[in-house]
Amino acid sequence: QVQLVESGGGSVQAGGSLRLSCAISGSTNWCFMSWYRQAPGKGREFVSLINSDGYPNYADSVKGRFTISQDNAKNTLFLQMNSLKPEDTATYYCKARCRSIDYWGQGTPVTVSS
């Protein structure tokens, strides 16, 4: 069983920055970590992931602005978000995919005003 708890969301003006954290507990061997988001009235969409080789992958909409990382102990997943735009407004979710089972956090809301 894996537990995920996101934090760091909030309200910011366009052009600002936020750093999201995802505290990870439980057995995370064979898990791949990623971030998703869901804007009001829309479906959940992929934002970023760390692949099996430890390299990041990003959605085109956030490439060059967002950076995914993980602490050395792999207890925390981060998402550094710079140059935020109003269209980045969404609830951001941390996901762990472990042997084909998906675990989700409760989400942390981000609001970007113009």
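The model is predicted. Follow the trace from the N terminus, and the elements read β-β-β-β-β-β-β-β-β-β-β. The radius of gyration is 13 Å, close to the 13 Å of the globule rule for 114 residues, so the chain is as compact as a globular protein of that length.

**Whole chain**

Orient the view along the principal axes. The C-alpha trace spans about 40 × 25 × 20 Å.

Switch to the surface. The chain exposes about 6300 Å², and carbon and sulfur atoms supply 47% of that area. Of the 114 residues, 39% count as buried. Colour by charge next. There are 11 positive and 8 negative charges, and their mean positions lie 2 Å apart.

**The core**

Hide the surface and select Leu4, Trp35, Leu77, Leu79, Met81 and Tyr92. These have the most contacts inside the largest nonpolar core, a set of 29 residues.

**Tyr55**

Move to the loop between β5 and β6 (56–58), where Tyr55 is found. Is Tyr55 buried or exposed? Its relative accessibility is 56%, above the 50% cut-off, so Tyr55 counts as exposed. Show its neighbours. Leaving aside residues up to four places away in sequence, Tyr55 touches Leu49 and Ile50. Then draw a C-alpha to C-alpha distance from Tyr55 to Ser69. The two are 9.3 Å apart in space and 14 residues apart in sequence.

Go on to the loop between β9 and β10 (101–104) and select Arg99. Check its backbone: phi is about 50°, a positive value, although Arg99 is not a glycine. Most residues other than glycine have a negative phi. Arg99 counts as exposed, at 62% relative accessibility.

Step one residue along to Ser100, also in the loop between β9 and β10. What is the phi of Ser100? It is near 70°, again positive in a residue other than glycine. Ser100 is exposed, with a relative accessible area of 61%.

Key
Residues numbered from 1 in each chain as written. Predicted model: local features only at pLDDT ≥ 70, side-chain atom pairs only at ≥ 80, totals over all residues. Heavy atoms only, no water. Helix = DSSP H or I, 4+ residues; strand = E, 2+ residues; numbered from the N terminus. Rg over C-alpha atoms; globule rule 2.2 N^0.38 Å. Buried < 20%, exposed > 50% of the residue type's maximum accessible area, 1.4 Å probe, protein only. Areas by Shrake-Rupley, 256 points an atom, 1.4 Å probe, with all protein chains shown as cover. Lys, Arg positive; Asp, Glu negative; His and termini not counted. Charge placed at Lys NZ, Arg CZ, Asp CG, Glu CD. Core = buried A, V, L, I, M, F, W, Y, C linked by side-chain atoms within 4.5 Å. Contact = heavy atoms within 4.5 Å.
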